[in-house]
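Welcome! Take a look at the model first, then work through the steps.

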Amino acid sequence: MVYLKTEADSLLDLDYSELEKELTKRGVKAVHTRTLWRAMHRESFQGVLPGNTRHDFLPPLGNWLQQAEIKPRLGPLLEVDQEIHSSDQLTRKWLFRLADGETIETVLMDYPGRYTACVSTQAGCAMGCVFCATGQAGFVRHLSVGEIVSQLLHVQFVLRSEGKSGLRNIVLMGMGEPLHNYDAVMKAMGIVSDTRGMNIGPARISISTVGVVPGILRMAEERRPYNLAVSLHGANEADRSRLIPVSKRWPLDELIKACRIYGEKTKRRIFFGWTLIAGENDSSAQAHELATLLEGLDAHVNLIPLNKTAGYEGSESATPEVDSFKAILQTRGFPCTIRQRRGIDVAAGCGQLKASL
Ligand code: SAH
Ligand code: SF4
């Protein structure tokens with residue numbers, strides 16, 4: 001691990017100004033922050049990457065750190081346990097082992113001309129959505145800032161070492177509920193969008209939530225510049241709480257109210273996720289109900305045909321239902337996209353991540 005002798009666990013937990021503060025506090029010139037930051041976040045310095053064997057920063061960085069009496073025990077926050085490619089080679093998944101032995105997964109999708117990384121924010125998830133493998137497995141712990149950032153550093157490093165152009169988009173749709181780990185997630189996204197480092201534009205970052213109302217309101221209040229995706233799956237309380245137990249905690253009417261406040265404050269479009277399950281939430285009546293619920297919102301609906309998980313009986317909606325659900329929403333004025341299914345053969349699809357061996 002990259003330990004600093006500070007309250008932070010890892011150099012990768014620090015944002016730019018914190019790193020600068022730590023260095024200057026110890027007598028290192030503030031201008032050196034930039035070089036160190038660059039080495040870590042732009043050049044994916046090997047010392048912070050999985051599989052790394054080097055345990056020293058090269059001079060002069062090493063000297064500065066020494067001068068600052070920072071004795072970084074270098075080494076990655078994540079170790080690659082497995083790298084699995086889908087048969088079409090367009091999706092791959094890494095199973096990472098964390099320092100305490102817990103495991104998480106990160107998925108990289110190759111869309112023509114742009115790579116999208118699907119990142120985990122927690123080991124497990126406390127929300128218990130019935131159709132999601134992560135939810136079925138339960139909550140283990142929050143990921144630290146450094147553990148979130150490291151997933152992306154690894155992806156960047158791998159792409160670069162294969163001579164491929166870098167990562168374009170980040171979706172926080174891996175394991176876990178991002179807004180349940182709000183502070184670490186926001187700080188990590190600040191770090192990866194920092195123009196002096198990884199420089200992923202905030203508009204290319206999407207945060208998906210099951211509907212944690214206080215988190216949505218906080219994002220609005222703080223004017224967070226990221227895309228917000230809200231997973232709905234049901235357009236009335238009875239339908240929704242059958243699939244999403246936490247709908248009892250943050251009921252649908254409160255959730256929609258929070259989305260309206262978010263929309264008004266930020267003037268941003270909200271992306272609503274809807275996992276289509278045959279006979280459960282794919283009827284024409286339910287499509288109309290959804291359109292009525294969203295009336296007046298600047299909303300885009302993403303339809304995701306259900307991916308199979310061990311703990312849930314339901315099956316994906318058939319193509320005619322999917323198409324008709326989409327057509328109804330479009331007729332009612334909402335842009336609507338059917339999510340391409342990716343990486344199903346290696347359990348890298350939405351809701352299939354559980355990091356089991
Ligand atoms: N916790 C967040 C983000 C991670 S889940 C959230 O729930 O939004 C990312 C997306 O995958 C969510 O929209 C979720 O509803 C969807 N999903 C979960 N399980 C799925 C499954 N088995 N098939 C298809 N989509 C699923
Ligand atoms: Fe958690 Fe999202 Fe899975 Fe629900 S769908 S259990 S919120 S990861």
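**Exercise 1. Find how many salt bridges a search of the whole structure gives, then examine the pair of aspartate 183 and arginine 218.**

Step 1. Count a salt bridge wherever a side-chain nitrogen of Lys or Arg lies within 4 Å of a carboxyl oxygen of Asp or Glu. The whole structure holds 18 of them.

Step 2. In one, the side chains of aspartate 183 and arginine 218 meet at 2.8 Å, N to O.

Step 3. Aspartate 183 belongs to helix α6 (residues 182–193) and arginine 218 to helix α7 (residues 213–221), so the pair ties together parts that are 35 residues apart in sequence. Helices (H or I, at least four residues) and strands (E, at least two) are DSSP runs, numbered from the N terminus.

A note before going on: this is a predicted model, where local features need pLDDT of at least 70 and side-chain atom pairs count only at pLDDT 80 or more, while totals for chains, interfaces and linings use all residues. Residues are numbered from 1 along each chain as its sequence is written, chains are lettered from A and ligands numbered from 1 in the order in which they are written, and side-chain values use heavy atoms, leaving out hydrogens and water.

**Exercise 2. Trace the order of the strands in the open sheet.**

Step 1. Strands pair if DSSP finds at least two bridges between them. The order of the 10 strands is β1-β2-β3-β4-β7-β8-β9-β10-β11-β12, with mixed pairing.

Step 2. At the edges sit β1 (78–85) and β12 (336–338), each pairing on one side only.

Step 3. Now look at β8 (residues 205–209) and β9 (residues 227–231): they run parallel, joined by 4 bridges. Opposite serine 208 you will find alanine 229 in β9.

**Exercise 3. Describe what lies around ligand 1.**

Step 1. Of the 21 residues around ligand 1 (a heavy atom within 4 Å), Phe131, Ser208, Ser231, His233 and Asn307 come nearest.

Step 2. Check polar contacts, pairs of N or O atoms within 3.5 Å. A polar backbone atom of asparagine 307 is 2.8 Å from a nitrogen atom of ligand 1.

How values were computed
Polar contact = N/O pair within 3.5 Å; in protein donor to acceptor, adjacent residues only side chain to side chain.
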